[in-house]
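Have the viewer open as you read.

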Amino acid sequence: MFKRKALKLYRKANRIEQEYGSAVADKILFARIWYKIYIQQKIKVMFKLHKKSKANHILFETETDFSGNPRALYDYMIAEGYNHKYKITWIVNDPNEFRQYKAHNVRFIRRYHPKNRFREANCYKAALKARYVFFAKSFNFLETKSAGQICVNMQLGGDWKLTSEKERELIQFDYCLAPGKAFVKPKAKEFSCPAKKILPIGEARYRQFYSGRSEAEAFYQKLCGSHTNLKTVFWMPLYRKAVLQTWYRTGIASMTGLPLIHSIMDVPKLDEICQRAGIHLLIYCNLDMETLRKEAGDSSHISFVAEDALREADVQVYELLPKADALLSDYASVAIDYLLLDRPIGYVLEDFEEFERANGFLFPDPLTYMPGAHIRQMEDLEQFFLQIAKGEDEFKEQRAALRAKTHNETDDYCKRILDQFGILK
């Protein structure tokens, strides 16, 4: 038995050394041994000590630290004083980056050990003690939940593109929040769960539409510069891999991560279109679009909204959306969310057929869920910009009809979410 284990360890060590080199291999092997002999044993003890969750403990975790719907719900809880009754824990990559958000009964703990990618033992302890877990994407590092625990997925309920089978295997939840009733049956079918687990009570980040924070206004004014007299269009596309990779599960090559913009050389053409139409275009730029942002340089009528700039200014992208006169998107969930603002939406559908074959949509008739200009080429885009500049809005009635199907509107989304789970002040 011992010889077999030793031989297995030796072969694994050789594979790691061949892949990463001897120096890195030593660190990886040490980390795995340390995890086996210390961290794993510590976790087993925690499971024995914390079999039942504590009613006043709440845990938050997001893929991008301190963001999205969980961040919006947390901000509301702090503003309304829920932290005087509940103990709140955030799992993040580096707690030191969040010292400024320190509040009563709030703590930030480290996700991974700094020298390896294993979860810190404190993550398991916090997760086991929490009665409520609010997360984005997935929360599945616990082998067994503690008694009474409720795990709430706050991100995927509003997606109208299908989640891949591989991703669905990693996603576990007790409840998933959705914008409205139209999502309940399709989402239940997608995740093979009872319909009662899909709660059509809206998303917490809708609160950010109406935040009115001075930080967001200052950030927007800085973006606009001398273009305050122009109509503004916010372009927020579905996340796509950029730089010689392929678009989201399709076979269309992309140098930029933006549909229609296939190379850096297309940016000046886009800028000319904006100039002719009298439009200031704001492009939300995820981390994979940094090459586009840097190489495109200065454009007279285009501004890039970078993720790192938003983090530095402590501004959420949903706080900027209401300041725009129109949205340009595609199959991203923001196109559903923006219906609440009742402003024109343009849908870039250059790869619609390929996307539908490769990925699929939540609804069988996805084009009927796109009440706006359907844009497949640059000429369509210019026409959309011209309509916005003139103040034309031919799809207002269609948006209202779709909004009635897709949204369960209320004056206070965050309070409704907390009330749903019995989290009261």
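Is C414 buried or exposed? C414 is buried, at a relative accessible area of 1%. Keep in mind that this is a predicted model.

C176 is tucked away too: this cysteine is buried, with a relative accessible area of 0%. If you're wondering about disulfides, searching the whole structure turns up zero. C176 is in no disulfide, and the nearest cysteine sulfur, that of C193, sits 7.7 Å away. The cut-off for a disulfide is sulfur atoms within 2.5 Å.

| Helix | Residues | End-to-end C-alpha distance | Expected span |
|---|---|---|---|
| α14 | 378–390 (13 residues) | 19 Å | 18 Å |

Let's take α3 to begin with. Its buried residues are N69, P70, R71, A72, L73, Y74, Y76 and M77. The cover over those buried residues includes the strands β1 (54–61), β2 (87–92), β3 (106–110) and β4 (130–135), along with helix α16 (413–420). Just after α3 comes G81, with a positive phi of about 80°.

On to α14. Here M378, L381, E382, F384, F385, Q387 and I388 are the buried residues. Elements covering them include helix α8 (266–277) and the strands β8 (231–235), β11 (279–285), β13 (326–329), β14 (345–348) and β15 (373–375). G391 follows α14, and its phi is positive, near 80°.

Setting aside neighbours within four places in sequence, Q387 is in contact with E392 and E394.

How do α8 and α14 pack, and at what angle? The angle is about 30°, and the axes of α8 and α14 are 9 Å apart. Angles under 35 degrees count as roughly parallel, so α8 and α14 are roughly parallel to each other. Their crossing is right-handed. On the α8 side, the contact is made by D266, L270, I273, C274, R276 and A277; α14 brings M378, L381, E382, F385, L386 and A389. As a general point, an α-helix has 3.6 residues a turn, so residues three or four places apart point the same way.

Definitions and conventions
Residues numbered from 1 in each chain as written. Predicted model: local features only at pLDDT ≥ 70, side-chain atom pairs only at ≥ 80, totals over all residues. Heavy atoms only, no water. Helix = DSSP H or I, 4+ residues; strand = E, 2+ residues; numbered from the N terminus. Expected span 1.5 Å × (residues − 1). Buried < 20%, exposed > 50% of the residue type's maximum accessible area, 1.4 Å probe, protein only. Contact = heavy atoms within 4.5 Å. Axes fitted to C-alpha atoms, helices over the stretch in contact; angles between N-to-C directions. Parallel < 35°, antiparallel > 145°, perpendicular 65-115°, else oblique. Left-handed = near helix turned anticlockwise from the far one by under 90°.
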